[in-house]
Amino acid sequence: MGHLDHAALGWLTPALSYVMACIGAALGLRCTVRALAATGRSRRNWLVTAASAIGTGIWTMHFVAMLGFSVSGTDIRYDVPLTIASLLVAMAVVCAGVFAVGYSRDRTRALFLGGLTTGLGVASMHYLGMAAVRLHGQVDYDPVLVGLSVLIAVVAATAALWAALNIKSPVAVTVASLIMGAAVSSMHYTGMFAVSVRVAPGGDVLPGATAMQFIFPLAVGLGSYLFLTSAFVALSPTTGEREASASAQRPVESAAH
């Protein structure tokens with residue numbers, strides 16, 4: 001059995017991955033709040049932004065944490081198509097959950113179905129990302145911990161969608177985001193603790209890309225997207241602010257005529 005280290009770079013990768021999960025959750029919640037106050041194309045655009053933020057945050061959290069993953073006795077590579085597929089899965093399922101909540105008239109039913117769909121999608125993203133790992137040996141999973149990680153993912157996703165429907169103030173969104181970041185990180189590390197590796201040393205060159213060749217640049221790019229989108233959302237006026245601005249301009253225009 002190979003010795004697994006989930007924090008080979010020390011506290012850096014767990015801490016940074018938690019921060020990325022929190023940023024993605026906060027941005028997604030703020031965008032969903034904006035969406036619920038909007039109509040038509042504006043609502044759709046805000047929901048798409050919310051889904052991309054949450055999906056990107058979850059995926060970035062997973063693979064930033066994976067930068068600290070190592071197994072004694074073997075190198076680790078990542079299958080590029082499968083890794084990209086895991087990102088697309090994260091985006092798609094979160095989008096489905098967010099749109100279910102954003103457009104459904106029965107919020108309770110939408111919350112249940114959206115939370116279940118999104119949670120299973122997040123878990124699928126995690127294990128699809130793990131399926132992309134290439135090493136000298138065989139990877140096995142503890143089914144109990146796998147089941148627990150899926151349960152955590154479903155509960156976390158449901159809580160996130162509930163928060164999007166019920167939490168409006170920036171302070172409450174911040175608290176909810178910190179909790180969601182902890183939940184997503186817990187899901188990841190529970191899934192990682194389910195892993196065991198039977199190393200079979202070999203001289204063959206492993207297929208795929210190293211974490212620094214592929215995962216690190218992609219994570220940096222997606223992290224930049226989250227920061228830039230956060231700045232855009234923070235600077236863009238809310239529906240209430242736009243209405244107040246329009247109301248303030250009407251008397252001025254009337255006086256001019």
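**Note on the pocket and cavities of a predicted model**

1. The largest pocket has a volume of about 180 Å³, where a pocket is, on a 1 Å grid over the protein atoms alone, an open set of points with protein on both sides within 12 Å along at least five of seven lines, and a volume is the space filled by probe spheres set on the points. This is a predicted model, in which local features need pLDDT of at least 70 and side-chain atom pairs count only at pLDDT 80 or more, while totals for chains, interfaces and linings use all residues. Residues are numbered from 1 along each chain as its sequence is written, and side-chain values use heavy atoms, with hydrogens and water left out.

2. The lining of the largest pocket (residues with an atom within 4 Å of a point) includes Leu9, Met20, Val64 and Phe216. Two or more lining residues come from each of helix H1 (12-36), helix H2 (40-66) and helix H7 (211-235), helices being DSSP runs of H or I with at least four residues.

3. Three cavities of 30 Å³ or more are counted, a cavity being a set of points where a 1.4 Å probe fits but cannot get out. The largest cavity holds about 220 Å³ of space, and of the 19 residues lining this cavity, Ile54, Ile58, Ala160, Met180 and Val184 lie nearest its centre. Helix H5 gives the largest share of that lining, five residues.
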